[in-house]
Amino acid sequence: MVREEVAGSTRTLQWKCVESRVDNKRLYYGHFVLSPLMKGQAYTIGIAMRRALLGEIEGTYITRVKSENVLHEYSTIVGIEESVHDILINLKEILLRSNLYGVRDASICIRGPKYITAQDSISLHSVEIVDTTQHIANLTEPIDLCISIRFS
């Protein structure tokens with residue numbers, strides 16, 4: 001077995017913020033630099049930082065959506081411009097702020113024709129919608145859209 005000696009480094013890691021901005025109510029951007037790193041260290045540190053940061057994020061988010069007469073995620077509903085999948089993606093992008101813990105239920109019941117935004121959807125007193133202009137769906141015909149939502 002051959003051992004290689006690695007010369008000790010006296011370099012100090014430097015961490016600095018290069019750029020930081022708020023693009024809109026839902027998008028924040030930050031560009032940070034950590035240097036100097038040896039080959040392969042960036043991936044290891046990046047993965048560890050990502051896991052640590054995601055583990056520390058607290059928040060309120062939609063965990064379940066259920067609607068009557070919808071067979072599966074990729075179906076379409078007559079009178080709605082978006083597919084069920086697009087509506088789910090739009091609901092997923094709603095940012096909620098709350099200091100409550102546990103599971104809560106809410107529902108959306110809207111009659112069309114109407115352009116539905118996040119402001120029309122969740123009306124619980126304990127939950128604040130960060131961006132009320134977030135698009136959910138566009139009802140083009142006089143139909144009823146009822147969706148039950150569970151968030152935690």
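A pocket here is an open set of grid points where a 1.4 Å probe fits, with protein on both sides within 12 Å along at least five of seven lines, and its lining residues are those with an atom within 4 Å of a point. The model is predicted. Its largest pocket has a volume of about 490 Å³.

**The largest pocket**

- The lining of the largest pocket consists of 17 residues.
- Ile-57, Gly-59, Thr-60, Tyr-61 and Leu-95 are the lining residues that lie nearest the pocket centre.
- Two or more lining residues come from each of helix H1 (41–56), strand S3 (62–67), helix H2 (84–92) and strand S4 (96–97).
- H2 gives the most to this lining, with three residues.
- By residue class, the lining divides into 11 nonpolar, three polar and three charged residues.

**Cis peptide bonds**

- Ser-35 is joined to Pro-36 by a cis peptide bond, with omega near -10°.
- Pro-36 sits in the loop between strand S2 (28–35) and H1.
- The peptide bond between Gly-112 and Pro-113 is cis, with omega about 0°.
- Pro-113 is located in the loop between strand S5 (104–111) and strand S6 (114–117).

**Strands S1 and S2**

- Strand S1 (residues 14–22) pairs with S2 in the antiparallel sense, over eight bridges.
- Glu-19 has His-31, in S2, as its bridge partner.

Conventions
Residues are numbered from 1 along each chain as its sequence is written. This is a predicted model: local features need pLDDT of at least 70, side-chain atom pairs count only at pLDDT 80 or more; totals for chains, interfaces and linings use all residues. Side-chain values use heavy atoms; hydrogens and water are left out. On a 1 Å grid over the protein atoms alone, a cavity is a set of points where a 1.4 Å probe fits but cannot get out, and a pocket is an open set with protein on both sides within 12 Å along at least five of seven lines; lining residues have an atom within 4 Å of a point. Grid points are joined across faces, edges and corners, and a volume is the space filled by probe spheres set on the points. Helices (H or I, at least four residues) and strands (E, at least two) are DSSP runs, numbered from the N terminus. Ala, Val, Leu, Ile, Met, Phe, Trp, Tyr, Cys and Pro count as nonpolar, Asp, Glu, Lys and Arg as charged, and the others, Gly among them, as polar. Two strands pair if DSSP finds at least two bridges between them.
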